[in-house]
Amino acid sequence: MFSYSNTLNMKIHHNSSVSGLLSLVLSAIICLSPSFGWSQSLKAGSVEYLKQSNGIGNLLLGSSITELPSQNLSYLDGDSSMDPDSCLKYQYHDENLLALGDSLSLDAIGLRTYRDKIVNIYLFFKIKDAYKVLSNFLDAYGPFTSRPDAYADIYNWDTSRLSLTLRYEVKADLGVAIFTSKELENVIAADKTNRIAKASTQSLSALY
């Protein structure tokens with residue numbers, strides 16, 4: 001037969017187990033709540049939204065171009081050669097992405113890639129839609145963080161992860177918004193420096 005003390009010990013052990021389980025659950029909730037709260041609070045209207053969006057639609061900075069439908073890609077201006085930074089430029093054809101709003105449509109979307117990863121996303125539009133594009137970005141990403149020239153139509157949104165630059169070319173009747181991956185820009189710069197150093201070393205070696 002169980003004595004009273006045995007029964008009491010079992011209750012204490014059971015209560016301890018429940019208490020331990022509750023502690024684990026509470027700890028998990030506490031650990032998860034910041035990220036859950038952040039995802040819930042992530043709304044358009046701030047530069048943090050730009051940082052978290054990391055691009056537009058299915059075009060994400062740093063992602064591989066091989067993940068995109070090949071039929072939607074063509075070389076920008078038909079040029080398949082690499083630029084001085086060893087990057088390739090493409091035009092991305094997607095009617096859904098061209099529509100920024102009910103009365104706003106882009107002319108074209110361009111991509112610049114390095115080793116198949118998206119470094120830049122270009123949104124081209126007619127100059128007549130410049131104010132609409134600016135308004136769209138202000139609503140989505142909040143006030144621009146800088147304007148390098150008060151007399152030129154250039155607006156910058158800057159984050160630790162990426163930047164967005166909006167500029168108008170009145171003479172060309174064209175505007176462009178450029179999303180840029182800072183991480184990949186740094187990789188390109190470092191690789192370019194290494195290539196130059198290696199070429200210089202090889203040139204010097206050839207002299208001896």
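In this predicted model, the side chain of D94 reaches the backbone nitrogen of N96 at 2.9 Å. The points below place that aspartate in the fold and then describe the core and the protein as a whole.

- D94 sits in the loop that runs between β4 (88–92) and α3 (95–98).
- Although D94 is buried, it has no salt bridge, and the nearest side chain of opposite charge, that of K126, is 18 Å away.

**The largest nonpolar core**
- The largest nonpolar core holds 35 residues, among which L111, I121 and L166 touch the most other members.
- Two or more residues each come to this core from β4, α3, β7 (108–114), β8 (117–126), α4 (130–141), β9 (154–158), β10 (162–169) and β11 (174–181), and α4 gives the most, with 6 residues.
- When neighbours within four places in sequence are left aside, I121 is in contact with G55, I56, L59, L60, L61, I109, G110, L111, A177, I178 and F179.

**The protein as a whole**
- The secondary structure consists of 5 helices and 11 strands, and buried residues make up 33% of the 208 residues in the protein.
- Among contacts in the protein with a separation of 6 or more, 51% are accounted for by residues 24 or more positions apart.
- The protein exposes about 13,300 Å², of which carbon and sulfur atoms supply 57%.

Terms used: Residues numbered from 1 in each chain as written. Predicted model: local features only at pLDDT ≥ 70, side-chain atom pairs only at ≥ 80, totals over all residues. Heavy atoms only, no water. Helix = DSSP H or I, 4+ residues; strand = E, 2+ residues; numbered from the N terminus. Buried < 20%, exposed > 50% of the residue type's maximum accessible area, 1.4 Å probe, protein only. Lys, Arg positive; Asp, Glu negative; His and termini not counted. Salt bridge = Lys/Arg side-chain N within 4 Å of Asp/Glu carboxyl O. Polar contact = N/O pair within 3.5 Å; in protein donor to acceptor, adjacent residues only side chain to side chain. Contact = heavy atoms within 4.5 Å. Areas by Shrake-Rupley, 256 points an atom, 1.4 Å probe, with all protein chains shown as cover. Core = buried A, V, L, I, M, F, W, Y, C linked by side-chain atoms within 4.5 Å.
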